[in-house]
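Please open the structure in your viewer and keep the selection tool at hand.

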Amino acid sequence: PPLVALLRAGNADGNRVALLAIGWLATDAPTRALLVGEGVLPLLVALLHVGNLSDKSHSNFPLAMLVRAESLRSPIVDAGALPPLVALLGQMYADGIGGNNICSTLQYFA
């Protein structure tokens with residue numbers, strides 16, 4: 001899909017738009033499967049390592065939507081999402097921002 005290609009392009013403004021759209025599209029099971037099949041998980045994990053806290057936090061939204069599907073929890077873990085999510089949570093609390101949105105994602109792995 002074009003949104004996954006937009007993430008691959010690496011443009012910060014394009015990433016924000018694509019992340020928001022992918023997050024909302026990930027609420028639909030067939031679309032989730034398409035996104036995962038197109039390789040969105042490693043891209044999302046890679047973006048958890050890029051930019052400032054706001055940029056990294058934007059990467060959480062599609063993961064938060066994808067993780068609601070129990071069948072995707074192991075692939076998300078396998079893609080390496082947990083360490084950067086935990087690190088992001090720590091950074092957000094250290095900066096006084098809070099991290100409720102990250103906690104909402106991580107709760108599915110408890």
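Begin by selecting helix α2 (residues 12-25) together with helix α5 (residues 53-66), whose axes come within 7 Å and cross at roughly 20°. Because of that angle, α2 is roughly parallel to α5; angles under 35 degrees count as roughly parallel, over 145 as roughly antiparallel, 65 to 115 as roughly perpendicular and the rest as oblique. Axes here are lines fitted to C-alpha atoms, for helices over the stretch in contact, and angles run from 0 to 180 degrees between N-to-C directions. Helices are DSSP runs (H or I, at least four residues), numbered from the N terminus.

A note on the source is needed before continuing. This is a predicted model, in which local features need pLDDT of at least 70 and side-chain atom pairs count only at pLDDT 80 or more, while totals for chains, interfaces and linings use all residues. Residues are numbered from 1 along each chain as its sequence is written, and side-chain values use heavy atoms, with hydrogens and water left out.

Now display the side chains of R16, L19, L20, I22, G23 and W24 in α2, and of D55, H58, S59, F61, P62 and M65 in α5, which make the contact (heavy atoms within 4.5 Å). By class, this contact of α2 with α5 has seven nonpolar, three polar and two charged residues. Ala, Val, Leu, Ile, Met, Phe, Trp, Tyr, Cys and Pro count as nonpolar, Asp, Glu, Lys and Arg as charged, and the others, Gly among them, as polar.

How many salt bridges does the structure hold? There are two, a salt bridge being a side-chain nitrogen of Lys or Arg within 4 Å of a carboxyl oxygen of Asp or Glu. Select D13 and R16 for one of them; their closest N and O atoms are 2.7 Å apart. D13 and R16 are three residues apart in helix α2 and are therefore separated by about one helical turn. Through shared partners, D13, R16 and D55 are joined into one network. R16 is partly exposed, with a relative accessible area of 31%, and D55 is partly exposed at 21%. Buried means under 20% relative accessible area, exposed over 50%, and partly exposed in between (1.4 Å probe, protein chains only).

Move on to helix α4 (residues 40-47), which is mostly covered, with six of its eight residues buried. Select V40, L41, L43, L44, V45 and L47 to see these buried residues. What covers them includes α1 (2-9), α2, α3 (29-37), α5, α6 (73-78) and α7 (82-94).

For the last stop, select α1 and α2, which pack at an angle of about 145° with their axes 9 Å apart. Their crossing is left-handed. L3, L6 and L7 of α1 meet G14, N15, A18, L19, A21, I22 and L25 of α2 in this contact, which divides into eight nonpolar, two polar and no charged residues.

Note on methods:
Helix = DSSP H or I, 4+ residues; strand = E, 2+ residues; numbered from the N terminus. Left-handed = near helix turned anticlockwise from the far one by under 90°.
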